[in-house]
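Here is a short briefing to read alongside the model. It starts with one chain and its partners, then turns to the neighbouring chain.

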Amino acid sequence: MMRLTCPFCGARELHEFQFHKTAPEPGANPFAAVYERVNRTDISQEYWQHLHGCRAWLYVSRNPSTGEVYQVHLLGTQS
Amino acid sequence: MTLRRALSTRRGHRVTSQSVSFQFDGREYTAQAGDTVASALLAHGVRLFGRSVKYRRPRGVFAAGPEEPNALLTVGTQPCVIPNVSAPQLAITPQLITRSQNRWPSLRVDLHALLQAGSGFLGAGFYYKTFMWPSWRTYETMIRHLAGLGEAPGAADIAPPHVEYVSCDVLVGGAGAAGLAAALAAARAGARVVVCEREPQAGGELEFETATIDEQSATEWVSSALAELARAGARVLYHTAIVGGSDGLVIAHAEPGGGAKDNTVYRIRPQKFVMAMGAVERGIAFVDNDRPGVMLLGAAERYLARYGVAVGKELVLFGNHDRLYASAQRLHAAGMRIRAIIDTRGDVSAVTIGLRARLTGMGVECLGGHAVAEVHGAHGVRRICVVDLQAPGTKIFIECDALLVSGGWTPMLQAALHDGGQREFAAQAGGFVANAQPEWRTAVGACAGTFELSVLLTESFRAAAQLSQSVGAMGVVGRAPVGRGDTAPQLQAFWRSACTRAQEKRQFVDLQNDVTVADLRLALSEGFVDIEHIKRYTTLGIGTEQGRTGGLLGAAIVAELKGEPLSRVGVSRTRPPYQPMTLSSLAGLNQGDALRVTRRTPLHAWNQANGAVFEPAEYWLRTRYYRANGTDAFTAGIQEATQVRAHGGILDGSTLGKIEIAGADAAAFLDRLYLTKASTMKVGRSKYMVNLREDGMVLDDGIVLRLAPNRFLATTGSGHAEHMLSHFEHYRALEWSHRQVAITNLTEAWAVIVVAGPESRAALIRVLGEAWHARLSGLTHMDFSVSRWNGQTLRVLRASFSGELAFELHCQHGIAVPLWEALVAAGLQPYGLEALDILRVEKGYLVSSEMNGEATPQDLGMDGLVNLGNECVGRAMLGRPAFAEPQRPRLVGLRACDGKSVIQGGAQITLTTTDTHALGHVSSSVYSPALGQWIALAFVARDRAAPGTVLVARDPLRGTDVDVVVTSPVHVDSSSERMKA
Amino acid sequence: MNTSTSLIMEQRCQIQSFATTVAVEFKAFQYPLVGTVSAELPSEPGAVRRDTAGNATLLHYGPGVFLAPLPNEALLHRLQTLETAGLGAVFDVCGQWHQFRLTGALSTRLLSSGIDIEHCVPRRDCAAVHLFDSPALLLLQSTGFDVWVPASYATAFSATLVRLRERLINA
């Protein structure tokens, strides 16, 4: 997974992006939202920032075993 | 020094008649322009090029490319040398100085070789078993002196490489027959094509192979192919080898002429990658097969065709395939004398019989079903001992001065084994070929185990056409080139001649690392059965040639010794870079002045011109102190801090992070991100505010200004600005993307000058003038005022990080320096970070040492702010039981009990001088001129943190213990009278 | 006001540096862009609006993020109107960015030393990138490129440009 496709900038090298954390389960209590995650090998839902590009925050879902990226969209929107 | 002159002018593809000269081992030699050091020395009849790494055996040139294991030279003179440069790849440049390696006192007479009476001493893994008593250290110096190949440079004299990022549709690795065919298909289809060729010319084996392609000679076809590629806009990079890459990125390294000069690192992102890097010829193991004069057959052909060099006067060819005969014919036609051809194959086809007959007719003795068992001649082949494989007792001796060996070709799989690429054993190729590859890569030609010209031209053309289509290049490609070269090799595997157990110590498998058959046997007997373990234990396949000539040979012999099929043994994986690169090349542009980027404030030039000593802080260059104020940071810091409290001073605070937040929902947004509310602030006022992390820990603090009802300026810690910006942006996107709030970074836009001290207001009024007098006089603590000075906007905020009466001036670049200079002229002395640290520790103000990610707001004494009850990020996590435990450390001040000892930053706080249980640690410590002693801020367990408690600050690293007493963190002016003046 | 210092004048690659850059940023509250914002501003990612002389007046370099270098009265007024309508916020970013202009045949090769220029820019007219260890905004021009970097990086960035240009010209 050496490239991510920023919805605004297009495909860019991975080092332009910074991983923040995996997304908490919807409706999780504050403690779980900070500390608890279900560790799946087939899908990981994550927050990234295109830090060295347009600085947009991104929602990324990908397969942590194969590196395949399923979805990238701007955090807070669907696009 | 006498110049060694060549006897006559040679003719070859790459040499002209123009004369050049160079030095080797202190002697000067002539050569022809276009020669490499290897070809030139071979032309002079030089046979010794170095000594082997372990046994110091004399060695000569073995190959004609990066697979050269022996002839590695040191280029240049100390302190600027480059070691281990492959002589066949080293072009001759003016004043070139080269030396052989690993010998003393000379190449001919090496003392260490003489001392090695029994080379069994240094078998595989010897260093794990010997030189142990009394300890390794006893032998270490001697071993280190003997070990390794070449010498490291004492200084760096290598310019940074050029770097180029390249995008293309189809990347073709290799411009041999298969590579050119693939490139043609892709270019005709309309794809953007880049071809990387590690040699200075295209063609690969077509350089000497007798072939016709599309009814042209091989050379003509190569020229017209290159011309067509040029017309189509394809890029062909010469001297450029693919050296590695990952995840879709391919790295190629161009090193024109060897020796790390003018090199370029290409970072290529192709949509599709056609690997056509060919196959490397390999040798066969027999006794003393490492003698100078034993060479790869293809290398000899190359030296002849390219440089016109005859590698010997009486040649013998030895191998296991039909190309021996084609090569023999070419060598014979060029006037070389071939004494015999030793072919291990007994049972051969009619074609082979016919080939043999033709050569016998030319006076060459053809011995089928025979093998070379041994070589005689320590400093160069004199004669060989040949045995009949059917009747092993019979020995034939043949006198010769060059033995050209070919045991087959090993496909170059380095790039194909990366990124999940697989290999498989292909019996017809006699080795491993690329198997499943990621969809963007494919192997063609000899690289894929196809050695016949007619077949590989079609296969690679079609493969490239298909790949081009898949990326949308749909142009008409026409038909593939039709060609005919040497007949199919009909190779029968033969890895080593029979010998006694003792002789296995002299059957070399990996020449570069002196790995012999005996070493492989030893590794197996000691339990290293996996080929990767054998590699590491015996060093088979490491070094500059990465097992090109010896890797598969070694695996096959391991298979023989284990009694397992070669397909099960496998080969070890090669590591990038596939050809050696200097560290300078790997570093790319980031070296020297460009090692890391530096950021400068608008006042940088003034500071530099006025004796500022800078300190890097998060890429910024910040003034630590000014030279005029002291000989070192400690003295200058004290002088500057004293001056600020006594009179006043100015500080360049431009690195302060500044984030502007605007919109109808800006206030509510900030309420969410700060411990206390921003929405209650009036316009024109500012407030000290704290950010929490989502787990409740304090993240940062700063002053927030309300510029307008819907506009705020938030300041952050200097080192933290980008991080806080990301923090704000994260929550804006996560929770506020449908609200009216926008954020922008203005850190660079505003210069910040801090004016502090009892005389600050008066000086400021003098400088800013009458227009500002009333404003400044009436400015209360945490108020700010915006107006103009010298035609530009100026914002003056009354706030203090020093505990003195102080003002923060925010101004635009154009007036920053004039304003600063005016303040200096008004009698205010500039101070730096060192003094700032003293002033803020005296007042108990916090920086990242205190807000270290492990402290809650209550730990930092912010209970009052917490109790205001604002629902912000992180608040929900503040109520956790652990935060209320009595042993949880909280912020206190410390002073030395004796009033003079140094308190060390990082010291561990304990109850007694022998206690090892830490109650906390010292986070910041300074010498306080105001109090005349060392003071500190520290974290101490709540149940031991009452003021007056005596504890110990223990520094186990320096071995000091200091008795300290707990105080308030505010050491100076606890009622803040000075600040509120 | 913009004052230009020509660092190097040479046919194959000229580098100009502009000291203080007057500029304004507009950040839309909603993205994708809606309503008037979408109609009035260049809404495609990386789109650039130019005036009749070919100068870039608006760069859409981030989602809903626009840089207006040297905005005229009319543009400022339009952006203020959008702000008043509650559609976004205008920020005065004078001094935040430092502008470089590269012209000449070697300018592409120079930038290719740090970034895959063919990939980033020709598919769009402007792009937010990271170049020679500095944040940078790239703008495609007919004769080369404009590059904006945050002012604190300008000295280091200019030194890198000059050094690379020297090596390429002498290569």
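In this predicted model, the contact between chain C and chain B takes 32 residues from chain C and 31 residues from chain B. On the chain C side, H5(C) is the biggest contributor, with five residues.

**Chain C against chain B**

- Four elements of chain C each supply at least two residues to the side that touches chain B: strand E3 (23-28), strand E7 (88-92), helix H4 (117-120) and helix H5 (154-170).
- Sorted by class, that side of chain C holds 13 nonpolar, 13 polar and six charged residues.

**Chain C against chain A**

- Chain C also touches chain A, with twelve residues from chain C and twelve residues from chain A taking part.
- On the chain C side, the elements giving two or more residues are strand E5 (56-62) and E9 of chain C.
- The largest share of this side, four residues, belongs to E9(C).
- Which classes make up the side of chain C that touches chain A? This side has nine nonpolar residues, two polar and one charged.

**The two domains of chain C**

- Domain 1 of chain C covers 1-21 + 95-171, while domain 2 covers 23-94.
- Between the C-alpha centres of domain 1 and domain 2 of chain C there are 23 Å.
- Where the domains meet, 13 residues of domain 1 of chain C are in contact with 15 residues of domain 2 of chain C.
- On the domain 1 side, strand E9 (126-131) and strand E10 (134-141) of chain C are the elements that give two or more residues.
- E9(C) gives the most to this domain 1 side, with three residues, and E9(C) also holds the largest share of the side of chain C that touches chain A.
- By class, the domain 1 side that touches domain 2 of chain C contains six nonpolar, five polar and two charged residues.

**Chain B as a whole**

- Chain B contains 24 helices and 51 strands.
- How does the radius of gyration of chain B, what value in Å, stand beside that of a compact globule of 981 residues? Chain B has 38 Å, whereas a compact globule with 981 residues would be near 30 Å.
- The C-alpha trace of chain B spans about 115 × 75 × 60 Å along its principal axes.
- Of the 981 residues in chain B, 54% count as buried.
- Among contacts in chain B with a separation of 6 or more, 66% come from residues 24 or more positions apart.

**Helix H12 of chain B**

- Helix H12 of chain B runs over residues 531-538, and its buried residues are B:Ile531, B:Ile534, B:Lys535, B:Tyr537 and B:Thr538.
- An α-helix has 3.6 residues a turn, so residues three or four places apart point the same way.
- The buried residues of H12(B) pack against strand E32 (515-516), helix H11 (517-525), helix H13 (551-562) and helix H14 (566-569) of chain B.
- Just after H12(B), B:Thr539 adopts a positive phi of about 70°.

**A three-stranded sheet in chain B**

- Three strands of chain B make an open sheet with antiparallel pairing, in the order E12-E11-E30.
- Strand E12 (216-217) and strand E30 (483-484) of chain B are the edge strands, each pairing on one side only.
- Strand E11 (residues 212-213) of chain B pairs with E12(B) in the antiparallel sense over two bridges.
- B:Thr212 has B:Ser217, in E12(B), as its bridge partner.

Conventions. Residues numbered from 1 in each chain as written. Chains lettered and ligands numbered in written order. Predicted model: local features only at pLDDT ≥ 70, side-chain atom pairs only at ≥ 80, totals over all residues. Domains from an automatic or database assignment. Contact = placed C-beta atoms within 7 Å. Nonpolar A, V, L, I, M, F, W, Y, C, P; charged D, E, K, R; others polar. Buried ≥ 20, exposed ≤ 12 C-beta atoms within 10 Å, placed from the backbone. Rg over C-alpha atoms; globule rule 2.2 N^0.38 Å. Pairing = 2+ DSSP bridges.
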